[in-house]
Amino acid sequence: MADSTGEVYIRFNQDGTFGIISALGDADGDNETGVSDIIALQRWLHGDKTLASNMTNNIDLYPDNKINIYDLALLKRFIIKNR
Ligand SMILES: [Ca+2]
Ligand SMILES: [Ca+2]
């Protein structure tokens, strides 16, 4: 569901590609960023869960087009700072 402002952000990658970010850090697709996204990303990194393809832009916080432990670490820091 889109948020009321409908704002999106565009992230430009080092390799020249770009991605649409609907909610920075949103891993589970509810357009909000919170602890549930840390859990969703951890589960995905353990192979327990699939992520919606459009979520990878949201959670590629260390922008290298890969989702890994670095993105999880930044997501945790991002959520703790914004609480
Ligand atoms: Ca979320
Ligand atoms: Ca990354």
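**Entry 1: the elements**

Helices, taken as DSSP runs of H or I with at least four residues, and strands, taken as runs of E with at least two, are numbered from the N terminus. With that in hand I looked up the make-up of this protein, which is a predicted model, and I found 3 helices and 2 strands. Reading from the N terminus on, I noted the order β-β-α-α-α. I also looked up how much of the protein is buried, and of its 83 residues 23% count as such. Among the contacts with a separation of 6 or more, I noted that 48% are between residues 24 or more positions apart.

**Entry 2: the two strands**

I turned next to strand S1, residues 9–12, and strand S2, residues 18–21, which run antiparallel and are joined by 4 bridges.

**Entry 3: the core**

Which residues make up the largest nonpolar core? I listed 9 of them: Ala27, Ala40, Leu41, Met55, Ile59, Leu61, Ile67, Leu72 and Leu75. At least two residues of this core come from each of helix H1 (35–45), helix H2 (55–59) and helix H3 (69–81).

**Entry 4: helix H1**

In H1 I found Asp37, Ala40 and Leu41 to be the buried residues. They lie on the same side of H1, because the arc they cover around the axis is only 95°. I remembered the general rule that an α-helix has 3.6 residues a turn, so residues three or four places apart point the same way. Looking at what these buried residues of H1 meet, I noted that they pack against H2 and H3. After H1 comes glycine 47, and its phi is positive, near 80°.

**Entry 5: helix H3**

H3 has 13 residues, and from its first C-alpha to its last I read a span of 18 Å, close to the 18 Å expected at 1.5 Å a residue. Its buried residues are Asp71, Leu72 and Leu75. Seen down the axis of H3, these fall within an arc of 100°, so they line one face of the helix. On the other side of H3 I found Ile69, Ala73, Arg77, Ile80 and Lys81 exposed. The buried residues of H3 pack against H1 and H2.

**Entry 6: two asparagines**

Asparagine 31 has a positive phi of about 65° although it is not a glycine, and I located it in the loop between S2 and H1. Is asparagine 31 buried or exposed? I counted asparagine 31 as exposed because it has 12 C-beta neighbours inside 10 Å, and the cut-off for an exposed residue is 12 or fewer.

Asparagine 65 also is a residue other than glycine with a positive phi, near 65°, and I located asparagine 65 in the loop between H2 and H3. With 12 C-beta neighbours inside 10 Å, asparagine 65 counts as exposed.

Key: Residues numbered from 1 in each chain as written. Chains lettered and ligands numbered in written order. Predicted model: local features only at pLDDT ≥ 70, side-chain atom pairs only at ≥ 80, totals over all residues. Core = buried A, V, L, I, M, F, W, Y, C linked by C-beta atoms within 7 Å. Buried ≥ 20, exposed ≤ 12 C-beta atoms within 10 Å, placed from the backbone. Arc of directions from axis to C-beta. Contact = placed C-beta atoms within 7 Å. Pairing = 2+ DSSP bridges. Expected span 1.5 Å × (residues − 1).
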